[in-house]
Amino acid sequence: MPTLLSLLAPLCLLQSVEYRSPAGVEYRAQRDTGAIARAESALAADPRNVDRIIAMGVAQSGVRQYKEAIATFTHGLTIAPNNALLYRWRGHRYLSTRQFDKAMDDLTRGARLDSTIYGIWYHLGIVRFVRRDFAGAAAAFTRALPIAPDSAERSGATDWLWMSLARAGRGADAQALLARHPDTPPGGNAYTQRLRLYRGEVSSDSVFTPADTSDIQIATLSYGIGNWYLIRGDTANARKWFERSVASGGWPAFGFIVSEAELRNR
C-alpha cells in the first residue's frame with residue numbers, strides 16, 4: 001500500500017535520468033504536458049513521414065527527453081539514411097547528453113549532405129568549442145552566421161563566434177566582428193545581454209536582470225560572463241561564474257555544458 005510520502009513524491013522524480021554528471025549528479029527529463037502525445041498521435045497516422053518523426057523528437061526534446069529523442073531520430077535514419085536534418089537533430093541531442101564524439105560524427109555527416117542548414121553549423125561550432133578546437137569553432141560559426149534564420153539566432157551565432165575568435169587568439173578579428181554589428185536588430189535573448197557586456201555597454205554586474213530566473217538563462221548568462229573574465233585573464237572570477245552556471249541546474253544549456261568542460265580543465 002502506498003505511503004503518504006510516496007503519493008506526494010515530486011513528479012520530476014518519476015522521470016527518466018537523462019544525464020549523470022561526472023560528480024554523480026542525476027538530471028532528469030520533465031513531464032510531458034501534451035506535446036509528445038500529440039506528436040505521437042500524428043506519427044502513428046503516418047509512421048514513415050520524416051517530418052513527423054522529427055516533430056516527435058523535437059517534442060521529446062522540449063521536455064528534456066533527450067535519450068528518447070535520440071532513439072526517435074535514429075529510427076528516422078533507418079527510413080531516410082541520407083536525411084541531413086535527422087543528423088542535425090540527433091547530433092544536437094548527442095551534444096545535450098555529452099556524447100561529443102557521436103555529435104561530431106552526426107553533424108559532420110549532416111554538413112556533407114547539406115551545407116545550407118544553419119543548425120548543423122551552429123551545433124558543430126558548439127561541439128568544437130567544448131573540445132577546445134577554437135579555430136574550428138570559429139570556422140563553423142562563420143558558416144552559421146550568414147544563414148541564421150532570425151534575430152535570436154543571429155545574436156547567438158555572433159556571440160559564439162566572438163568567443164571562438166577571442167579564445168583562438170584572434171582578438172582583433174573578435175573586436176572587428178562586434179564593430180560590424182551582425183546581430184542587428186538584437187535578438188532580445190541571453191546572447192543579446194552577453195554581447196552588450198563584450199561591447200562595454202554594461203558591466204559584468206549588470207548583465208543579469210530581475211527576469212533572469214530560469215535555469216537555462218542563469219546557466220547561459222553565467223558562462224558568458226565567466227568566459228569574458230577568462231579572456232581578460234581573470235581566472236578566479238571566471239571560475240566563480242562557471243561554477244554558478246553549473247549550480248543553476250540548467251544542464252541542457254550550452255553554457256552549462258561548456259562550464260563543465262572549463263572546470264575540468266582548470
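**View 1. Helices α7 and α14 each supply at least two residues to the lining of the largest cavity.** Helices are DSSP runs of H or I with at least four residues, numbered from the N terminus. You are looking at a predicted model, in which local features need pLDDT of at least 70 and side-chain atom pairs count only at pLDDT 80 or more, while totals for chains, interfaces and linings use all residues. Residues are numbered from 1 along each chain as its sequence is written, and side-chain values use heavy atoms, without hydrogens or water. A cavity is a set of points on a 1 Å grid over the protein atoms alone where a 1.4 Å probe fits but cannot get out, and its lining residues have an atom within 4 Å of a point. One cavity of 30 Å³ or more turns up in a search of the whole structure. The largest cavity holds about 40 Å³ of space. Around it you will find Phe129, Val130, Arg132, Phe134, Arg167, Val258, Ala261, Glu262 and Asn265. Helix α14 gives the most to this lining, with three residues. By type, the lining has five nonpolar residues, one polar and three charged (nonpolar: Ala, Val, Leu, Ile, Met, Phe, Trp, Tyr, Cys and Pro; charged: Asp, Glu, Lys and Arg; polar: the others, Gly among them).

View 2. Of the 25 residues that line the largest pocket, His92, Tyr122, Tyr191, Ile216 and Phe254 come closest to its centre. Six elements are named as giving two or more residues to this lining: α5 (84–96), α7 (118–130), α9 (151–167), α11 (190–198), α12 (215–231) and α14 (254–264). Eleven residues of the lining are nonpolar, ten are polar and four are charged. A pocket is an open set of grid points with protein on both sides within 12 Å along at least five of seven lines.

**View 3. The second largest pocket has a volume of about 160 Å³.** Its lining is made by Ser21, Pro22, Ala23, Val25, Tyr27, Val246, Phe256, Glu260, Leu263 and Arg264. Here α14 provides the largest share, with four residues. Seven residues of the lining are nonpolar, one is polar and two are charged.

**View 4. Phe129 and Phe134 belong to a cluster of linked rings.** The whole structure has 18 aromatic pairs (ring centres within 6.5 Å; planes under 30 degrees apart are stacked, over 60 edge-to-face, the rest tilted). The ring centres of Phe129 and Phe134 lie 5.0 Å apart with their planes at 70°, so this pair is edge-to-face. Phe129 is buried at 2% relative accessible area, and Phe134 is buried too, at 9% (buried means under 20% with a 1.4 Å probe and protein chains only). Also in the cluster are Tyr118, Tyr122, Phe141, Trp160, Tyr223, Phe242 and Phe254.

**View 5. Phe141 and Trp160 are both buried.** The two ring centres of Phe141 and Trp160 are 6.0 Å apart and the planes are at 25°, so the pair is stacked. Phe141 lies in helix α8 (residues 134–144) and Trp160 in helix α9, so the pair ties together parts that are 19 residues apart in sequence. Look also for Arg194, which lies over the face of Trp160 at 5.8 Å from the ring centre.

**View 6. The charged end of Arg244 sits over the ring of Phe208.** This charged end is 4.4 Å from the centre of the Phe208 ring. A charge sits over a ring if NZ of Lys or CZ of Arg is within 6 Å of the ring centre and within 35 degrees of the ring normal.

Definitions and conventions
Points joined across faces, edges and corners; volume = space filled by probe spheres on them. Buried < 20%, exposed > 50% of the residue type's maximum accessible area, 1.4 Å probe, protein only.
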